[in-house]
Amino acid sequence: MQVLQVQLEVGPDPAEVGRARRWARSRLAGSGIGDDEPLAETLVLIISELVTNAVVHTGCPAVLRMLFAAEGGVRVEVADASDRPPRPRHAEGDDTNGRGLELVDGLADRWGWQPEGAGKSIWCEVDPVSRALPVHGQGAVSPGRVPC
């Protein structure tokens, strides 16, 4: 399997999340994934959530990486300097935060985390087939989720 990796250093400022989204859209387009494709929308939302978590919860710089497999799958990794494991929360009703990892869990085909240097890396993978839209009355393929 051939893989192309690109990465972006993200500063410890919430404004960096928008920059990360724009950068990701441009890299997705460069890899042949159109801006209006469901795969691109899914990946940009995941990236937004993971970068937001890294910046808000650690207050430290982070590194966003995207790895593009020749088969069309994409792996997203966000590494930060905190060694604390991610802590999924369950948002209630009108809560304005606490949904990030729930979204990642619902959108990614696989996700997890691992120690990286003095910190950690949270990763997820999205397979292109799981983002297929119904065509001419056919049902969409649902993503298979693998628990961490």
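Helix α1 (residues 16-30) and helix α2 pack at an angle of about 150°, and their axes lie 9 Å apart; axes here are lines fitted to C-alpha atoms, for helices over the stretch in contact, and angles run from 0 to 180 degrees between N-to-C directions. That angle makes α1 roughly antiparallel to α2, since angles under 35 degrees count as roughly parallel, over 145 as roughly antiparallel, 65 to 115 as roughly perpendicular and the rest as oblique. On the side of α1, the contact (heavy atoms within 4.5 Å) is made by V17, A20, R21, A24, R25 and L28, and on the side of α2 by A40, E41, L43, V44, I47, S48, V51 and T52. Sorted by class, this contact of α1 with α2 holds nine nonpolar, two polar and three charged residues, where Ala, Val, Leu, Ile, Met, Phe, Trp, Tyr, Cys and Pro count as nonpolar, Asp, Glu, Lys and Arg as charged, and the others, Gly among them, as polar.

The model is a predicted one, in which local features need pLDDT of at least 70 and side-chain atom pairs count only at pLDDT 80 or more, while totals for chains, interfaces and linings use all residues. Residues are numbered from 1 along each chain as its sequence is written, and side-chain values use heavy atoms, with hydrogens and water left out.

The chain as a whole has three helices and five strands, which follow one another along the sequence in the pattern β-α-α-β-β-α-β-β; helices (H or I, at least four residues) and strands (E, at least two) are DSSP runs, numbered from the N terminus. Of the 148 residues of the chain, 43% count as buried, a term that means under 20% relative accessible area, with exposed over 50% and partly exposed in between (1.4 Å probe, protein chains only). Among contacts between residues at least 6 apart in sequence, 58% join residues at least 24 apart.

One of the residues of helix α2 is A54, which counts as buried because its relative accessibility is 4%. Leaving aside residues up to four places away in sequence, A54 touches G59, C60, A62, V78 and D80. A54 and S121 are 67 residues apart in sequence, and 9.6 Å apart in space, C-alpha to C-alpha.

In helix α3 (residues 100-107), the residues G100, L101 and V104 are buried. Seen down the axis of α3, its buried residues fall within an arc of 90°, so they line one face of the helix; the arc is that of the directions from the helix axis to the C-beta atoms. What covers these buried residues of α3 includes α2 (38-58), β4 (110-116) and β5 (119-126).
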